[in-house]
Amino acid sequence: MVDFNGTLLAQIVNFLLLVAILTKFAYKPLMQILAERQKKIADAIDAAESERREAEQLKLEYKQQLVEARSKAQVIVENAEKLAEENKEEILKSARAESAYILQKAQEEVARERELALAQLRSEVVALSMAAATKIVTEKMDTELNARMVSDFIEKLDDQKIGGLPC
Amino acid sequence: MEHGHEIGSHSLAHFAGLTFNMDTLIMTWITMAIVIVLAIAATRRMELRPRGWQNFLEIAVMYLLEQMETNMGSKGQKLAPLIITLFLFLVVGNELGLIPGFTSPTNDINTTLGLALMIIVIVHVLAIKNKGFTKYIKHYFEPYIPFVVINIIEEVAKPITLSFRLFGNILAGEILLLVLGMLVPYFVPTLWLAFSVFVGIVQAFIFTMLSISYLSNSMQDGH
């Protein structure tokens, strides 16, 4: 069962032959493909890493831009509010001024109308009294009264208008 | 085979004053052929995305390379083809004996001792190359001079244990398979056959791992 012979040497030779054959036909291509794959994986990992970093950078940028945009929007809204406030004040002021002007105009108009009305009234009263007077005069006038009136008039003329002038 | 099932016997051939066990040699050549075919089939259309048999071989090779890397460092890369071939040869050889009509080349002590001696020779050559001859000799007298006996016994024991472990496991497995087949046919031998598949892989693995371990000892520079 356990006897040593030339098989031992033959087996060593056989095995070394197998090593040589496998090294030539299998080991080298295998190592090549393994190295290739390793390189590919490493490249993929590197690429993924750089892409991730880039994405992070972009994210940071976008975040910053968002903050900027938000603050800008805030400023715009504030400005608009201020402007609106100013506009409101202005509009109110002008409205107030206009209303004051309109009121004044109205008052003036009213005053003028009143004066006009007064003047008309006065002239009407004069005309009326003249008419009345004419009527009275036409009815009651007679020679005697006429004479007295004329003399009265002349007397008054003497007193008031002519004064102490010698005639 | 005229000898029938006479276990452990070999048909002999004489050539150039040496005797050869022809059945062992034939089984060895069959094993070599299978290994070569498998290896080339696995590496013929190598793809970046491994598939099928390539996948299996790659797992084995990667595992062995990893073991060598951790045990020997980058210097062990040169021995990688040897170790990988050793493992493939042993796995295929061990399993070959489980096929009816075939025997394992590793059920012959000549095969296992041949491989073990080859490994041990490489170990010592590498040790001398790495440490220098004087340091290599001095190594046997450490830590104290009387330890030379123990050290030499250890060195001699290495190939013997390595070869007899494999030889014994495989031969015993085949013997038991035949014996069980005669005693309790069908079910029990089938169980044993299944276990032998496992044993074949484990023994190939052990032989390879121990070889790596011995080789790595000789690769270390000083100690």
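User: What makes L88(B) count as touching other residues, and which does it touch?

Analyst: Two residues are in contact if their C-beta atoms, placed from the backbone, lie within 7 Å. By that rule L88(B) touches V35(B) and A39(B), leaving out residues up to four places away in sequence. One caution: this is a predicted model, where local features need pLDDT of at least 70 and side-chain atom pairs count only at pLDDT 80 or more, while totals for chains, interfaces and linings use all residues. Residues are numbered from 1 along each chain as its sequence is written, with chains lettered from A and ligands numbered from 1 in the order in which they are written.

User: Why is helix 3 of chain B called largely enclosed?

Analyst: A residue is buried if 20 or more other C-beta atoms lie within 10 Å of its own. In helix 3 of chain B, 16 of the 17 residues are buried, so the rest of the structure largely encloses it. (Helices are DSSP runs of H or I, at least four residues, numbered from the N terminus.)

User: How do you know what length to expect for helix 3 of chain B?

Analyst: The expected span is 1.5 Å times one less than the number of residues. Helix 3 of chain B has 17 residues and reaches 24 Å from first C-alpha to last, close to the expected 24 Å.

User: What is the handedness of the crossing of helix 4 and helix 6 of chain B?

Analyst: Right-handed: that's the name if the near helix is turned clockwise from the far one, by less than a right angle.

Notes: Helices (H or I, at least four residues) and strands (E, at least two) are DSSP runs, numbered from the N terminus. A residue is buried if 20 or more other C-beta atoms lie within 10 Å of its own, exposed if 12 or fewer, and partly exposed in between; C-beta atoms are placed from the backbone.
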